[in-house]
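Here is a short tour of one model, written to be read with the structure open beside you. Let us begin with the record's annotations and then turn to the backbone and the helices.

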Amino acid sequence: MPKVFVFDHPLIQHKLTYIRDVKTGTKEFRELVDEVATLMAFEITREMPLEETEVETPVQLTKSKILAGKKLGIVPILRAGIGMVDGILKLIPAAKVGHIGLYRDPQTLKPVEYYVKLPADVAERDFILVDPMLATGGSAIEAVNSLKSRGATSIKFMCLIAAPEGVEALQQAHPDVDIYIAALDEKLNDHGYIVPGLGDAGDRLFGTK
């Protein structure tokens, strides 16, 4: 089974409290999501491989470390996932950004893919798939399907808040995808919303209803 990482860093938890708060307006909400994404990116990249190189300091020539291994790709699930991209790019500016658009079919309630644009060298990249919420898991599962069908072999999923039902569904569907979350909430309600959650992340990011 994939690993599930729940971040307990004090700064992440502090900012997440204000993200949840119904009184937090669009501007502040957007800034907080951006900041938490940066902090989570710091944690999610902890095991990135390094290689040794030589660098000349003002004092002498020395050996030091630089990143090695595969190049990175960041893929937000549209539309709410866009709110997390810039925060990650602050730490990893060389990463390429793809996009996956999904909507829920009103009859079947299943996610339907309507847009996919990825870097050309999909098979050569480690991907971080991002969405603020992991509720039922349907969108995340379909997005991973989209990445894999186009050649991706290394995928991590990162979100702010997850419901146990969504974590379990994603684990069962894709046992090779590790899951990184800022908070594991209590449950889903009858409407598929995470409880206590933060409401609709897309609406709060972009000021829509």
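UniProt positions are given in the numbering used here, feature names are shortened, and annotations may be inferred rather than shown by experiment. The model is a predicted one, in which local features need pLDDT of at least 70 and side-chain atom pairs count only at pLDDT 80 or more, while totals for chains, interfaces and linings use all residues. Residues are numbered from 1 along each chain as its sequence is written, and side-chain values use heavy atoms, with hydrogens and water left out.

**Annotated sites and the pocket**

An unreviewed UniProt entry gives a "binding site" at Ile-194, Gly-199, Asp-200 and Ala-201. Ile-194, Gly-199, Asp-200 and Ala-201 are found in the lining of the largest pocket. A pocket here is an open set of points on a 1 Å grid over the protein atoms alone, where a 1.4 Å probe fits, with protein on both sides within 12 Å along at least five of seven lines; lining residues have an atom within 4 Å of a point.

The unreviewed entry also places a "binding site" at residues including Arg-79, Arg-104, Asp-131, Pro-132 and Asp-200. From this set, the lining of the largest pocket includes Arg-79, Arg-104, Asp-131 and Asp-200, among others.

Ala-135 sits in the loop between strand E9 (133–134) and H4, and Gly-137 is in the loop between E9 and H4 too. Helices (H or I, at least four residues) and strands (E, at least two) are DSSP runs, numbered from the N terminus. Leaving aside residues up to four places away in sequence, Ala-135 touches Ala-163, Glu-165, Gly-166, Leu-188, Gly-192 and Ile-194, where contact means heavy atoms within 4.5 Å.

| Peptide bond | Omega |
|---|---|
| Leu-78 to Arg-79, cis | near 5° |
| Val-195 to Pro-196, cis | near 0° |

Arg-79 belongs to the loop between strand E4 (71–78) and helix H3 (85–89). Pro-196 lies in the loop between E13 and helix H6 (201–206).

**A helix pair**

The axes of H4 (residues 138–149) and H5 (residues 164–173) come within 9 Å and cross at roughly 25°. Axes are lines fitted to C-alpha atoms, for helices over the stretch in contact, with angles from 0 to 180 degrees between N-to-C directions. H4 and H5 are therefore roughly parallel to each other, a term for angles under 35 degrees. Ala-140, Ile-141 and Val-144 of H4 meet Ala-169, Leu-170 and Ala-173 of H5 in this contact.

How values were computed
Angles under 35 degrees count as roughly parallel, over 145 as roughly antiparallel, 65 to 115 as roughly perpendicular and the rest as oblique.
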